[in-house]
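Subject: Structure handover

Hello,

Here is the structure for you to look through. Please open it first, then read the notes below.

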Amino acid sequence: MTLRIPLSSPDITEAEIEAVTAVLRTNSLSLGPKLEAFESALAGFQQMPHAIAVSSGTAALHLAIRALDIGEGDEVIVPSFTFIAVANAITYERATPVFVDIDPVTLNIDPTHVESAITPRTKAIIVVHTYGVPADLDALLQIARNHNLALIEDACEAIGATYNDAPVGSFGDIATFAFYPNKQITTGEGGAVLTRDPRLASRIRALRNQGRYPTGDWLQHAEIGYNYRLSEMACALGLVQLDRLTSILAMRAEVARTYDALLAPVADLICPPLHLPTRSISWFVYVVRLAEHLPSKSRDTILRSLQTQGIGCARYFAPIHLQPAYADLPCARQAHLPVTESIATRTLALPFFNRLTAADAEEVAIALRSAIKTIPGD
């Protein structure tokens, strides 16, 4: 289906094209100066000493789990209302994801449910900053300290967000980022792991590159690793995108304000908050929810209506514990997540990207309001 207004669209300028082209004129296409420059720029932006660029956000999560020596028999507390890579990275190492419920306002993992999910097998908490909204880091950090647990920040949707005026991704033991084309900035495919711990950073660099440490030669492998490298072309693209991040976030915030003005007055919708105390949002997507007086099954009817009009939209997110890959596993069957399951049936991600025009946003809003009017209330 050809969409007149896509769900997302990367923002690539001539500067990015020229940067990538310049790399192609060199003989260094991997593990070169652009990788070092991109990692240095990321570390500086995040106020962290170590940044390791990798091939995807999923790879970043996997390396975080592996570097912390989380494995078979261990448990990691995670939200189910997020992208499936979070649980997959745990499962890769034969550990068990333990799903807990979310806060109904921020849609982030709810600290009040985390403590009761901790067992002697718990090794870490993964806090996902859902949709670019910072989670309650004060509460989660305190829980992690009280129980001697690692805290992994999944900031794959949240670059540029802040909590208490500090960058999201600078609080936990390890943070992960992603630069897929629908993210705030992109390297095509790509991600990064950040940490303050030099030992973890050294190991993650080695694991990224087939288990090679700097002290060995190219065919000397200290441990089993992966090909999770990020190319020089991708890093050149990321450098320019990162340099533009402040203006990109401003454009995305303006699109969010435009949607809010158009849709906040609609009684049948719950719009995302524009502002939260002590937090600044990095807008990844714009997701509305159907109000409780509408039947939840109407969300998919509305989704199909918009898509038939050439308007991109999606259900964000389908809970992990209900998906076929996990639904039959004990960790999913044992999950009690009423907030997650209720909200997930009502969420609808609307077209959202840097250069979405006010006219496009108005067209989306008109189509959405029209589709809602065809839905009978409960």
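Tyr-163 has Arg-279 as its bridge partner in β11. This is a predicted model, where local features need pLDDT of at least 70, side-chain atom pairs count only at pLDDT 80 or more, and totals for chains, interfaces and linings use all residues. Residues are numbered from 1 along each chain as its sequence is written, and side-chain values use heavy atoms, with hydrogens and water left out.

Some terms first. Helices (H or I, at least four residues) and strands (E, at least two) are DSSP runs, numbered from the N terminus. Two strands pair if DSSP finds at least two bridges between them.

Back to the bridge. Strand β6 covers residues 162-163 and pairs with β11 over two bridges, in the antiparallel sense. The open sheet here has three strands, in the order β7-β6-β11, with antiparallel pairing. β7 (166-167) and β11 (279-280) are at the edges with a single partner strand each, so one side of each has no neighbour in the sheet.

**The whole chain**

How many helices and strands does the protein chain have? It has 13 helices and 13 strands. Its radius of gyration is 21 Å, close to the 21 Å from the globule rule for 378 residues, so the chain is as compact as a globular protein of that length. (That radius is taken over C-alpha atoms; the rule is 2.2 Å times the number of residues to the power 0.38.) Along the principal axes, the C-alpha atoms fill a box of roughly 65 × 55 × 40 Å.

Of the 378 residues, 56% count as buried. Buried means under 20% relative accessible area, exposed over 50%, and partly exposed in between (1.4 Å probe, protein chains only). The accessible surface of the chain is about 15,800 Å², and 54% of that belongs to carbon and sulfur atoms. These areas come from the Shrake-Rupley method with a 1.4 Å probe; for residues, only the protein chains shown count as cover.

Now contacts, meaning heavy atoms within 4.5 Å. Take those between residues at least 6 apart in sequence: 70% join residues at least 24 apart.

**Strand β9**

Is β9 mostly covered or mostly open? Strand β9 (residues 191-195) is mostly covered, with five of its five residues buried. In a regular strand, side chains alternate between the two faces of the sheet. On one side of β9 sit Gly-191, Val-193 and Thr-195; on the other, Ala-192 and Leu-194; all are buried.

β9 has strand partners. Strand β1 (residues 50-54) runs antiparallel to β9, joined by five bridges. Strand β8 (residues 174-178) also pairs with β9 in the antiparallel sense, over five bridges. Look at Ala-192 in β9. It is the bridge partner of Ala-53, and also of Phe-177.

**Two buried residues**

Ser-56 lies in the loop between β1 and α3 (57-67). Ser-56 is buried, at 18% relative accessible area. Beyond its neighbours within four places in sequence, Ser-56 is in contact with Gly-190 and Gly-191.

Gln-46 is in helix α2 (residues 33-46). Gln-46 is buried too, with a relative accessible area of 1%. Not counting residues up to four places away in sequence, Gln-46 touches several residues, including Pro-167, Val-168, Phe-177 and Leu-194. A polar atom of the Gln-46 side chain lies 2.8 Å from the backbone oxygen of Val-168. Gln-46 and Thr-162 are 116 residues apart in sequence, yet 10.0 Å apart in space, C-alpha to C-alpha.

Best wishes

Technical notes:
A polar contact is a pair of N or O atoms within 3.5 Å; within protein, one must be able to donate a hydrogen and the other to accept it, and residues adjacent in sequence count only if both atoms are side-chain atoms.
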